[in-house]
Amino acid sequence: MKGLLDIKSLSIGLASERVRERPFVVRDLNLKISKAESVCLVGESGCGKSVTAISIMGLLPKGLTILNGQIFFEETDLLSLGEKELRRIRGSEISMIFQEPMSSLNPVLTIGQQLKEVFLAHRDGEDTFGKREIEDRCVELLKDVGLPHPKEQLKAYPHMLSGGQRQRVMIAMAMALSPKLIIADEPTTALDVTVQLQILRLLKRLQKAKECSLLFITHDLSLVPHVGDRIYVMYKGRIMEEGPSKDVVLNPFHPYTKALLSAIVDPESPKAQRLAFFKESPRLNLNTLNHTFEKKGCGCGYAERCLSVQSKCWESEPELLDLLDLKGRRVRCWLYAV
Amino acid sequence: MKISEGLRLIRGDWVGFLGLCLFLCFLGVSILGIFLTGGPNPTLDPRKVRLHEKLKPPMAKASSETLAKEHLPFGRFILGTDDLGRDVFARMLQGAYVSMSVGFVSVGISVLIGIIIGGISGYYGDRNIGLINLIAILLLAVGFILISTSQITLGLFLFLVAALFLIFRKTKRLSQIEIGFIDVDSFIMRIVDIMLCFPSFFLILTVVAIVPPSIYNIMIVIGLTSWMGTARFVRAEFLALRELDFVKAAKLLGLSDMKIIFVHMLPNAIGPVLVSATLGVASAILVEAGLSFLGLGVPPPHATWGNILADGKNYLFDAPWLTFIPGFSIMLVVLSFNLFGETLRDVVNPKLNA
Amino acid sequence: MPFNDGYKETILALEGVCKYFHLKGGYLSSKKQMVTAVKDVSLSFPKGITYGLVGESGCGKTTLSHIMAGLLPPDRGKVIFYGEDLYALGYREFKERRKKIQLVFQDPYSSLNPRLTVGYVIKEALRQGNVPKEELEERAQSILISVGLDPSCMKSYPHQLSGGQRQRVVIARALCVSPVVLIMDEPVSSLDVLIQAQILDLFLEIKQRLQITYIFISHDLKIVAYLSDIIGVMFRGEILEEGPSLELYKNPLHPYTQLLLASVPKIGDGKGLLESDPMEELKSEEKHIWEQDINCCAYYHRCNKRSDECVSGPIELKVIGENRRVRCIKV
């Protein structure tokens with residue numbers, strides 16, 4: 001499979017100059033996505049996954065800056081491009097779906113107006129669209145994402161739609177210009193379980209139909225095998241484990257991945273077992289400061305929460321290494337470093 | 001609210017810091033002014049009329065030598081003299097106290113009234129106004145009017161009846177009598193609308209013409225006619241806060257309504273009120289200056305900045321300092337308040353202190 | 001008869017509770033639309049039981065939770081607490097009784113007053129629980145430890161704590177007045193999976209320690225089934241199915257419950273979950289809340305087993321077997 005997106009040694013940190021030892025939000029990240037592949041990026045809130053996603057789009061907020069690294073999208077380094085070129089790529093080649101359907105749509109514009117905006121913004125590309133054609137394509141898009149009565153919905157305002165419907169509109173907007181890569185940042189976290197399932201099905205179906213790649217960001221491991229071909233597990237700005245999603249989920253190596261898996265609620269498992277597991281873990285929430293930021297050279301980032309921690313883990317940080325006998329699996333843990 | 005954090009924020013925002021410094025200067029000056037110009041034999045006498053020294057420009061020397069040594073700093077009239085030969089500097093010092101106190105007290109009154117009315121309106125919102133509450137309010141209002149027009153005994157009697165009603169309003173039988181079509185919110189907002197219909201300056205003029213002229217009456221009057229803005233701000237914030245979970249949680253814990261309003265909701269609603277209050281101080285000073293300019297303000301010979309302005313209007317070209325100096329001072333005070341107000345709101349907002 | 005084991009005393013019961021919301025059409029509009037948020041709900045909660053209420057957003061479970069907690073009087077029906085009609089009590093008695101029913105809200109960010117420290121909030125709650133002044137500090141510390149927080153966080157403001165920590169403070173506050181009923185409205189929905197698991201385990205721990213009645217509300221069936229003894233499934237203001245949790249989880253009777261169960265992604269499932277019938281998608285589209293007909297099955301528009309007899313008239317909640325109730329003609 002040809003490579004589409006290749007992030008090399010990406011580091012993102014705070015932009016303020018006052019901080020002498022700059023804390024990192026993302027450190028030395030390597031991530032690859034091939035054509036028509038779907039990759040999941042998993043981690044808890046604050047681990048830097050959303051920041052990675054928006055840095056691909058070049059939308060980092062003012063407080064953060066790219067310290068190092070390159071993001072190759074089809075041989076071009078996105079970080080070296082200017083605003084004008086990035087704007088051309090955004091929406092037409094790489095598009096993004098955000099988490100909060102309630103606030104991602106402009107409440108004073110109709111659905112139709114917002115959909116049309118996507119086309120109009122890229123009008124001065126190779127394809128230019130006429131007014132009639134844009135409207136037809138909008139209706140088709142809404143039909144593709146499963147909204148009933150698409151022609152009437154074009155005139156509707158966002159507050160008339162439910163969360164699931166709004167998220168479908170967001171997907172329609174993302175798919176409008178048939179991008180090569182779609183970044184979905186926790187698209188179903190704010191939705192109910194039934195709607196979540198529908199949205200995931202929709203995403204998968206569209207991805208297959210249009211043969212585009214998908215970067216799916218989530219904190220819920222149970223969704224991963226259904227959505228992603230490969231998975232990256234992230235913690236405190238570092239990749240802790242990566243590999244084919246089914247393999248990682250059925251046979252996890254890193255202690256953090258194991259913890260994430262055990263956190264998935266299973267009503268049929270005996271309660272005593274679960275209680276025991278978490279009784280042993282150190283109470284994570286005791287006065288931990290904003291745990292996004294981590295200073296350099298302090299050993300493995302997961303040491304304070306790890307159940308299998310050894311003295312080595314506090315002294316130095318392990319590298320992300322391939323597992324000898326398994327292809328495509330890499331772990332960052334002293335337990336597996338030979 | 002941590003004071004140290006607040007001070008740090010203020011120091012960071014140099015504009016607000018500048019405003020705060022200016023304001024503190026004026027505060028210092030006005031307090032100084034009370035000491036320097038008060039009493040029967042003040043150091044700097046604002047009332048002493050020296051006709052032979054009239055209309056002297058700033059930094060002018062006094063004509064007789066003895067006068068210079070005893071009474072004047074540096075032997076000069078620092079800010080000149082007015083048409084009656086009075087020392088403008090002394091008068092400005094005396095006037096500073098008046099302006100500041102009028103500014104603060106009237107804003108204090110208006111903010112207090114505004115918070116209470118806006119808070120009640122925002123918190124009780126859609127509830128039907130109980131018959132008891134309505135009668136109590138009407139009695140209070142009538143009693144107030146009676147008292148202010150010097151029918152004291154009757155007014156106090158009505159106050160007492162209203163108080164009795166308010167105490168017993170929570171009993172089961174009485175509290176269930178309601179008037180179906182009037183909301184607390186609508187009722188209060190219509191009162192606010194009525195008050196807003198009157199152009200405030202004319203309202204003040206009318207009241208000032210009726211009541212005996214004194215500095216206290218002016219403060220009360222300005223306070224009583226400018227609470228509407230605050231009430232609306234508070235009501236708007238309360239309407240939003242009421243739906244927040246922590247208010248519902250406070251209700252569930254069994255906290256009394258008063259406690260919820262003043263301890264939980266009000267500190268969160270105070271932001272726009274603070275900005276409005278700082279602007280209100282500025283505006284109150286201007287109103288007082290305007291009243292004095294028209295001759296309806298603080299009675300002479302007590303100096304206020306407006307007085308000095310008023311006296312100077314006849315001599316605009318001969319002695320422009322009589323107009324410029326008080327005018328410029330008013331502008332500086334108002335400016336310092338405006339600059340400081342915005343920063344104050346940021347200081348009080350806990351989310352920005354993260 | 002609503003569910004009752006017989007030997008456990010019923011602490012809280014809802015009888016025929018209805019709540020309507022009027023949509024104002026403006027001053028000049030004569031159109032007055034009414035949304036039925038809760039329709040004729042009758043439930044009973046025995047002492048010490050954990051009752052799980054499942055339903056999607058907009059089904060009325062939050063409204064129901066407010067009615068149960070004493071925040072919202074129902075338009076019809078009664079809330080019976082300790083044998084007395086809660087909303088018919090006098091003002092002072094009502095406030096005292098209501099304290100014994102506590103509610104933990106969904107959003108940990110708005111559940112705490114941003115201007116008050118954690119210590120103040122807890123101590124204020126303890127004072128409402130009639131704890132004498134001398135014991136305040138000690139009790140505050142012990143309650144914070146019991147929810148897994150370090151007592152040094154008493155000096156912190158809410159914005160200095162993480163979402164999980166805030167939720168623990170909210171739970172601690174609710175426990176300060178020693179309630180007998182604790183209603184939790186989606187307390188973990190906005191938290192990460194790891195923190196969710198911790199908070200859920202905290203609930204289990206508290207449940208073992210204090211024998212109080214829990215009412216757990218969520219849209220996620222697996223979380224509800226994990227914690228509860230009895231589950232009630234709610235849809236558009238009505239209870240569609242009710243029964244013991246494991247039984248319901250393994251053998252759902254109502255088509256909606258079956259859909260909820262099928263929506264739970266299981267790890268060992270493979271890609272089968274995502275290959276769906278395209279017609280299924282369109283059928284399950286949500287219609288506007290106020291387009292419902294009152295006199296037929298509320299789930300009709302989304303049901304995959306629907307037929308004409310489902311719209312013929314109102315459907316009753318039938319008792320099936322021991323302790324199960326279902327509202328469906330097909331069962």
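Two residues are in contact if their C-beta atoms, placed from the backbone, lie within 7 Å. In chain A, 67% of the contacts with a separation of 6 or more are between residues 24 or more positions apart.

## Model and confidence

This is a predicted model, in which local features need pLDDT of at least 70 and side-chain atom pairs count only at pLDDT 80 or more, while totals for chains, interfaces and linings use all residues. Residues are numbered from 1 along each chain as its sequence is written, with chains lettered from A and ligands numbered from 1 in the order in which they are written.

The predictor's confidence in each residue, from 0 to 100, is the pLDDT. Chain A averages 80, and 86% of its residues score at least 70. Chain B averages 79, with 85% of the residues at 70 or above. Residues 279–296 of chain A stay under 50. The model has 31 contacts beyond four places in sequence for that stretch. Where pLDDT is low, the predicted coordinates should not be read in detail. In chain B, helix α7 (residues 172–175) has the lowest confidence, at a mean of 56. Helix α11 (residues 228–242) of chain B has the highest, at 90.

## Chains A and C

Helices (H or I, at least four residues) and strands (E, at least two) are DSSP runs, numbered from the N terminus. Chain A has 13 helices and 12 strands. Chain C has 10 helices and 12 strands.

A residue is buried if 20 or more other C-beta atoms lie within 10 Å of its own, exposed if 12 or fewer, and partly exposed in between; C-beta atoms are placed from the backbone. Of the 338 residues in chain A, 45% are buried. Of the 331 residues in chain C, 47% are buried. Among chain C contacts between residues at least 6 apart in sequence, 67% join residues at least 24 apart.

## The nonpolar cores

A nonpolar core is a set of buried Ala, Val, Leu, Ile, Met, Phe, Trp, Tyr and Cys residues joined through C-beta atoms within 7 Å. The largest has 256 residues. Those with the most contacts inside it include Val42(A), Ala172(A), Met68(C) and Ile122(C). Helix α4 (residues 88–124) of chain B gives the most to this core: 17 residues. Domain 1 (107–178) and domain 2 (252–331) of chain A both contribute residues, so the core lies between them. Domain bounds come from an automatic or database domain assignment.

Ala172(A) touches Leu115(A), Leu141(A), Leu142(A), Asp144(A) and Val145(A), not counting residues up to four places away in sequence. Another core, of 5 residues, lies apart from the largest one; Ala136(B) and Phe165(B) are among its members.

## Strand β10 of chain A

In strand β10 (residues 238–244) of chain A, 6 of the 7 residues are buried, so the strand is largely enclosed by the rest of the structure. Two strands pair if DSSP finds at least two bridges between them. Strand β9 (residues 230–235) of chain A pairs with β10(A) in the antiparallel sense over 6 bridges. Tyr235(A) has Arg238(A) as its bridge partner.

## Where chain C meets chain B

In this interface, 24 residues of chain C are in contact with 19 residues of chain B. On the chain C side, α2 (91–98), β6 (101–104) and α3 (118–128) each give two or more residues. α2(C) gives the most, with 4 residues.
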